[in-house]
Amino acid sequence: MNNIVTEMSGAASVQNKPAVNKAPIFTAKNVDVYYGAKQALDKINLDIPRNKVTSLIGPSGCGKSTFLRCLNRMNDLVDICRVEGDIQLEGQDIYAPEVDVVALRQHVGMVFQKPNPFPKSIYDNIAYGPRIHGLTSSKSELDDIVEWSLQRAGLWKEVSDRLQEPGTGLSGGQQQRLCIARAIAVRPEVILMDEPCSALDPIATATIEELIDELREKFTIVIVTHSMQQAARVSQRTAFFHLGNLVETGATKTLFTSPEDERTQNYITGRIG
Ligand SMILES: Nc1ncnc2c1ncn2[C@@H]1O[C@H](COP(=O)(O)OP(=O)(O)OP(=O)(O)O)[C@@H](O)[C@H]1O
């Protein structure tokens with residue numbers, strides 16, 4: 001990986017990725033998170049495998065989003081939030097004081113629950129990140145990134161003839177794909193998705209789920225979802241959280257068919273949550 005301590009070119013990092021690298025992209029060890037005096041996560045140990053989709057599931061308030069937000073230091077934006085323990089991205093401590101958080105968030109992008117396009121044109125929504133990170137040196141390179149990102153997000157055909165129109169004029173599902181295109185435009189290695197389909201109808205949800213499956217060829221995805229069906233459809237690994245604890249993690253199929261812990265069993269059969 002390019003160094004998150006210094007300036008880097010994300011474009012190279014994806015293209016130069018070795019064909020097979022079995023080491024986890026993220027390792028989290030003994031992660032505790034507090035909001036003021038209240039502890040939200042307790043000694044979380046979780047590896048995130050690369051080029052796979054990992055789902056974080058569990059009842060409301062169990063800490064899924066809190067853990068997700070630890071992975072690109074979004075919790076830094078919450079004054080009362082304190083993160084302890086060790087989280088490494090490609091072997092680098094992302095909480096080390098010398099880490100450039102802007103560079104970290106280029107490597108670890110995020111897609112939110114509600115589509116949140118900038119009040120700008122479709123083109124500028126995508127071009128914004130590459131411009132501020134200095135990833136291109138010419139207009140034609142920027143045009144290529146915009147097209148590549150929209151292609152990968154499965155939106156190009158629908159918007160190629162109206163790139164100068166506002167992103168906010170698209171449908172909800174299209175807006176979410178625009179946000180995914182915006183996230184991948186800066187060539188992150190990891191994309192964090194916090195309930196990306198919860199504001200979408202079933203057809204738009206199915207489109208995003210197909211997209212997630214395609215994206216894992218190039219990116220690692222961590223998704224928080226309330227839907228066990230969605231976790232089963234899109235992810236290869238699943239982690240089950242309960243009351244701030246990571247109860248169980250494993251291959252999605254195994255976790256849903258033969259969970260080891262009674263709390264997981266109760267959750268997947270609808271007895272808790
Ligand atoms: N900004 C905040 N300030 C104070 N407490 C917070 C904050 N964000 C989350 N919490 C608390 O931390 C705990 C975990 O919340 P979190 O949002 O991570 O859970 P979650 O599993 O993602 O829930 P949900 O599925 O409802 O989104 C909850 O008790 C919540 O109230």
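Predicted model: local features only at pLDDT ≥ 70, side-chain atom pairs only at ≥ 80, totals over all residues.
# A chat about the model

Biologist: Which loop holds R73?
Modeller: R73 is in the loop that runs between α2, residues 64–70, and β4, residues 81–89.

Biologist: And what is phi of R73?
Modeller: Phi of R73 is near 60°, which is a positive value in a residue other than glycine. A positive phi also turns up at E195, where the angle is near 45° and the residue is again not a glycine.

Biologist: Let's step back to the whole chain. How many helices and strands are there?
Modeller: The chain has eleven helices and ten strands. Its radius of gyration is 18 Å, close to the 19 Å that the globule rule gives for 273 residues, so the chain is as compact as a globular protein of that length. Taken along its principal axes, the C-alpha trace spans about 55 × 45 × 40 Å.

Biologist: What share of the residues is buried?
Modeller: Buried residues are 43% of the 273 residues in the chain.

Biologist: Can we look at one residue in a strand? Where is the place of V108, and is V108 buried or exposed?
Modeller: V108 is in strand β6, which covers residues 108–111. V108 has 24 C-beta neighbours inside 10 Å and therefore counts as buried.

Biologist: What is V108 in contact with?
Modeller: Leaving aside neighbours within four places in sequence, V108 is in contact with L71, N72, L89, P188, V190 and L192. The C-alpha atoms of V108 and I191 are separated by 5.7 Å, although these two residues are 83 residues apart along the chain.

Biologist: Now I221, which strand is that one found in?
Modeller: I221 is found in strand β8, residues 220–224, and with 23 C-beta neighbours inside 10 Å I221 counts as buried. Not counting residues up to four places away in sequence, I221 touches V53, I191, M193, I212, L215 and R216.

Biologist: How far are the C-alpha atoms of I221 and V159 separated?
Modeller: They are separated by 25 Å, and I221 and V159 are 62 residues apart along the chain.

Biologist: Changing topic to helices, how do the axes of α4 and α5 cross?
Modeller: The axes of helix α4, residues 122–132, and helix α5, residues 139–152, come within 9 Å and cross at roughly 115°. That angle makes α4 roughly perpendicular to α5, and the crossing of the two is right-handed.

Biologist: Which residues meet there, in α4 and in α5?
Modeller: Y123, I126, A127 and P130 in α4 meet L142, I145, V146, S149 and L150 in α5. By class, the residues of this contact of α4 with α5 divide into eight nonpolar, one polar and no charged.

Biologist: How do the axes of α4 and α7 cross?
Modeller: The axes of α4 and α7 come within 7 Å and cross at roughly 25°, and the two helices are therefore roughly parallel to each other. In α4, I122, N125, I126, G129 and P130 meet L178, A181, R182 and A185 of α7. The residues of that contact of α4 with α7 divide into six nonpolar, two polar and one charged.

Biologist: Last one, how do the axes of α7 and α8 cross?
Modeller: The axes of helix α7, residues 172–185, and helix α8, residues 202–215, come within 9 Å and cross at roughly 20°, and α7 and α8 are therefore roughly parallel. The contact is made by G172, G173, Q176, R177 and I180 of α7 and by A204, T207, I208 and L211 of α8. Sorted by class, this contact of α7 with α8 has four nonpolar, four polar and one charged residues.

Technical notes. Residues numbered from 1 in each chain as written. Axes fitted to C-alpha atoms, helices over the stretch in contact; angles between N-to-C directions. Helix = DSSP H or I, 4+ residues; strand = E, 2+ residues; numbered from the N terminus. Parallel < 35°, antiparallel > 145°, perpendicular 65-115°, else oblique. Contact = placed C-beta atoms within 7 Å. Nonpolar A, V, L, I, M, F, W, Y, C, P; charged D, E, K, R; others polar. Rg over C-alpha atoms; globule rule 2.2 N^0.38 Å. Buried ≥ 20, exposed ≤ 12 C-beta atoms within 10 Å, placed from the backbone. Left-handed = near helix turned anticlockwise from the far one by under 90°.
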